[in-house]
Amino acid sequence: MLETAPLYHQLADQIHELIRAGTLRAGERVPSVRRLSTQQRVSVSTVLQAYQRLEDIGVIEARPQSGYYVRRPGPAMQEPEPSKPPRRALDVEVNVLAEAVLAHAADPSVVAFGSACAAPELFQLERVRRVLSSVARRDRTSLGRYGLPPGTERLRRAVAKRALEWGCRIDHRNLVTTTGCMEAINLCLRAVTKPGDLVALESPTYYGFLQILQTLGLRALEIPTHPRTGISLEALELALAEHPVKAVLVMPNVSNPIGASMSDAAKKRLVELLAQKGVPLIEDHIYAELQFDTSHPARPAKAFDRAGSVMLCSSFSKTLAPGLKVGWIEPGKWRDSIRMLKFVASGGQSELIELTVAELLESGGYERSLRTLRRRFEAQVDVARGVIAESFPRGTRVTRPAGAYILWIELPKGCDSVALLERLLERGITIAPGPMFSASQRYRNCLRLSIGQAWSERQERALREVGRLAGELAG
């Protein structure tokens, strides 16, 4: 995606906003090609390109000899029920299944619904390259210096300023930069746990968290989670009373894989509960800036922390450029420990890359890019949910995520998502089977889909094939 979107992209976005606002309703005819060309003072070919773009993502449809119409949504679908994981600690083993899915993530011949990666063309990569080149020319010695913890001050200041947009005040002096969010989570767990300790987390949860727990020799305690409102605080409080939990690891805003977001009141209660129990909260904020509803900020739980008991982690891999691999931690009372662990783990970061990210954050282009990403992902999620409603077996449930581009699907009982993956791989399609997201190997009839690739007819055909095969297994 270039810094200035092509004219037909802008025109398509305008029409899409009218549809989303209800100005143009399902079944209504959109302005004719020639009429819109005259109204907007653009060429007929530009309007045709815009309509083709909207047709590709399933927002409008062409009718012979009649024109273009707003596409009617598919049948309404129920969301999955709140999870009910076992109330016992579990050893973790998810690596084998995760490796099977990730092995095909970068293969262009595969439709990779299994890996949560957005298409490269959706990011402002050309702008990132220009800024990187400019920084390298202006600071010619940056490549000759070690970037030591806690990281470049300019980037830490930029992150602290960005946090104000979320309603969260952060002292840049406390921040530690990392190689992405996964390293941030890893460092936090190493700072507050030892092998054999128990970590409470959402169920289902991001499989990457389970891989870290497995590597560190930690045990998982899965907590019931609602697909809209997130982790159950009542169940968590009960678990804290029954088990020696040493840390809680959650995604309060736009969680992975179910896309849930907690209310501010629930986040505040979560922080207060854990502070009373003396249990650290490790918070992953990585998808929060892709929240669809921008009427209020995706405030992190850290905003309610008064005791330094919340360790806030994030990165710019999902919003700026995945290849930069720049993350950060606000580690609360564990600042000194995190700095030492970071130094021992990797020595530090690239100053050149950190200065580049800082400059990108300081400009207005980052916010514009976020708005574009949110609109694009929300449109693609809507289209995918419609395809699922039309193509998947009766009884299928699907989440309505608060943001980003991930869907959690609950298939009818008896439909095995691992067996489904095996059949899909033969057809060049991947999914992420449900057992990847649970230490108890639950959710056999569930799967996660990533809708982050640029939507096209190929994507839609592949998704319909997932539904067809799921129907065969369910039958």
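A nonpolar core is a set of buried Ala, Val, Leu, Ile, Met, Phe, Trp, Tyr and Cys residues joined through side-chain atoms within 4.5 Å. Keep that in mind as we look around this structure, which is a predicted model.

**The core**

The largest nonpolar core here has 157 residues, and the members that touch the most others are Tyr51, Ile282 and Tyr287. Which helix gives this core its largest share? That is helix H13 (residues 365-391), with eleven residues. As a bit of background, nonpolar side chains tend to be buried together in soluble globular proteins.

Let's zoom in on tyrosine 287. Setting aside neighbours within four places in sequence, tyrosine 287 is in contact with Ala116, Met251, Val254, Asn256, Lys318, Ala404, Tyr405 and Ile406.

**A buried lysine**

Now have a look at lysine 302, which sits in the loop between strand S9 (281-284) and strand S10 (310-315). Is lysine 302 buried or exposed? Its relative accessible area is 9%, and buried means under 20%, so lysine 302 counts as buried.

What does the side chain of lysine 302 meet in there? It forms a salt bridge with aspartate 305, at 2.9 Å from N to O. Aspartate 305 is buried as well, with a relative accessible area of 12%. If you leave out residues up to four places away in sequence, lysine 302 touches Cys168, Glu283, Val310, Leu312, Glu330 and Gly332.

**Salt bridges**

How many salt bridges does the model have? The count comes to 36. Here are three of them, with the N to O distance for each pair.

| Salt bridge | N to O distance |
|---|---|
| Arginine 269 and glutamate 234 | 3.2 Å |
| Lysine 302 and aspartate 305 | 2.9 Å |
| Aspartate 416 and arginine 444 | 3.1 Å |

Take arginine 269 and glutamate 234, whose closest N and O atoms are 3.2 Å apart. This pair links distant parts of the chain: arginine 269 belongs to helix H10 (residues 264-277), glutamate 234 belongs to helix H9 (residues 233-242), and they are 35 residues apart. Arginine 269 is partly exposed at 37% relative accessibility, while glutamate 234 is exposed at 51%.

Next come aspartate 416 and arginine 444, joined by a salt bridge at 3.1 Å. Elsewhere, salt bridges that share partners join Arg423, Glu426, Arg427, Glu465, Arg468 and Glu472 into one network.

**A four-stranded sheet**

Strands S15 and S16 turn up again in an open sheet of four strands, ordered S12-S13-S16-S15 with antiparallel pairing. Why is one side of S12 and of S15 left without a neighbour in the sheet? Strand S12 (397-398) and S15 stand at the edges, so each has a single partner strand. In general, strands of a sheet pair through backbone hydrogen bonds, either parallel or antiparallel. S15 and S16 are paired in the antiparallel sense over two bridges, and alanine 432 stands opposite arginine 448 in S16.

Terms used: Residues are numbered from 1 along each chain as its sequence is written. This is a predicted model: local features need pLDDT of at least 70, side-chain atom pairs count only at pLDDT 80 or more; totals for chains, interfaces and linings use all residues. Side-chain values use heavy atoms; hydrogens and water are left out. A salt bridge is a side-chain nitrogen of Lys or Arg within 4 Å of a carboxyl oxygen of Asp or Glu. Buried means under 20% relative accessible area, exposed over 50%, partly exposed in between (1.4 Å probe, protein chains only). Contact means heavy atoms within 4.5 Å. Two strands pair if DSSP finds at least two bridges between them.
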